[in-house]
Amino acid sequence: MAWALKLPLADEVIESGLVQDFDASLSGIGQELGAGAYSMSDVLALPIFKQEESNLPCDSENKILPFQYVLCAATSPAVKLHEETLTYLNQGQSYEIRMLDNRKIGELPEINGKLVKSIFRVVFHDRRLQYTEHQQLEGWRWNRPGDRILDIDIPMSVGIIDPRANPTQLNTVEFLWDPSKRTSVFIQVHCISTEFTMRKHGGEKGVPFRIQIDTFKENENGEYTEHLHSASCQIKVFKPKGADRKQKTDREKMEKRTPQEKEKYQPSYETTILTECSPWPEITYVNNAPSPGFNSSHSSFSIGEGNGSPNHQPEPPAPILDVNPTLTPIQNLLPTATPQEAQQWLHQNRFAAFSRLFTNFSGADLLKLTREDVIQICGPADGIRLFNALKGRLVRPRLTIYVCQESQQVREQQQQKHENGEPGSSTFFVYHAIYLEELTSIELTEKIAQLFSISPQQINQIYKQGPTGIHVLISDEMIQNFQDESCFVLDTMKAETSDSYHIILK
């Protein structure tokens, strides 16, 4: 069978091994389609190479793909027909991805002799993990400090220019390349699929990932923002040599099946073709300025620590909102708040990272969420913080005391009644609450001065009335031993040497 790969002439010899591999594997497909030569677009139109139709652009059926990305790793034989291929990789092992120019003559002439940019990502395939990505990556980074999810093996790669690894995205790398020249990039995936399983009791199945590649051309401003092509494939990552054992196990299981059962499954191909998918949200690529930790010199590759965002097909990030400056972080969210006001509240209270998840939520919608709902969406740490903020829960102070200022007139009336032998009538006193966090005498002085609208410098000393009427100087240690919600009557006494006052707690 003659199977035509549209490659540059200089690359035909190099890529001949790839053609031979597929020539043998696809011989049966040729009989079904009829005799003759087939282009790569014909092969990709087969069901076994298709992704979910929802991920493909509307005009994908008649669209000729400008590029092909081929992962040099065998597909699993245990995948049914009409399902997406699955490829097993070993953790930390370098795998080649060949970047092939599939343009027809005269197609996309504007990129002739120019470079294009490709961005590689390892993202989650399961939708359940897409919604808990922040929690999953924070846990992975905590257990693997200093490590990255995705790396480029620079010495083995060919034809890549200015490779970069964003220090704030552990799962993303990017580089420039010339479609007219041979380009092969070797990648390493350092996370394994079982690191993100719900329960770890041994023998559990690992979660699938996706490798997604987005390619862009340069616009008139010299920025690589004009999308050309996106493709991805499904993978699972095992500990070293685990992928080889899994491939062997799948092959042995298939050999035990009957010929009728085997017809329901795809054959194992020596390489994996990435199939077309929707591009990553364009807002990700707007900023092309060098990021912190990036090295703008060519053939450089700087690696930093950070947090990635492994989603397969994420929602576009929420737009930046003009936050109302009058909306303070401690203000409670009202049920009558509109979705726009709810977004402002999230930004004001440091929940901007989750704003896109709650894009269409009104205040009432957010307030109806249970504690379990919020934790499942945002993760334990941020989930508890968001739930407490939604419910308006304030932090309880370390110490609360109640104070009341005894007036001179009340003291004279009480003393006169006592001298005349008259029973003391009940007097109505108004107390004020003082909340202390630092439990120091300086803090108590400032709170008392604030309560009575005087300067702290006007308070000379604070005493507590002790046994037999003695005055005990208030110290930090004494305040730390106050009982919570103690009540005191404040009495003032003029200082002898200045215009300040002594405060006595009775």
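Let me start with a definition: helices (H or I, at least four residues) and strands (E, at least two) are DSSP runs, numbered from the N terminus. Hi everyone, what we have here is a predicted model, where local features need pLDDT of at least 70, side-chain atom pairs count only at pLDDT 80 or more, and totals for chains, interfaces and linings use all residues. Residues are numbered from 1 along each chain as its sequence is written, and side-chain values use heavy atoms, with hydrogens and water left out.

Let's begin with a loop. Between S1 and strand S2 (86-90) sits His-82, a non-glycine residue with a positive phi of about 70°. Is His-82 buried or exposed? With buried meaning under 20% relative accessible area, exposed over 50%, and partly exposed in between (1.4 Å probe, protein chains only), His-82 is exposed because its relative accessibility is 61%.

Now compare Asp-162, in strand S6 (residues 160-165). Asp-162 is not a glycine either, yet has a positive phi of about 55°. This residue is buried, at a relative accessible area of 8%. As background, most residues other than glycine have a negative phi.

On to pairing, which takes at least two DSSP bridges between two strands. Strand S15 (residues 459-465) runs parallel to strand S18 (residues 501-505), over 5 bridges, and Ile-459 faces Tyr-501 there. S15 also pairs with strand S16 (residues 471-473), antiparallel, through 3 bridges; Gln-465 is opposite His-471. S15 and S16 make a hairpin with 5 residues between them, and Thr-468 in the turn has a positive phi of about 60°.

Finally, there is an open, antiparallel sheet of 5 strands, ordered S5-S8-S3-S1-S11. Its edges are S5 (150-152) and S11 (272-273), each pairing on one side only.
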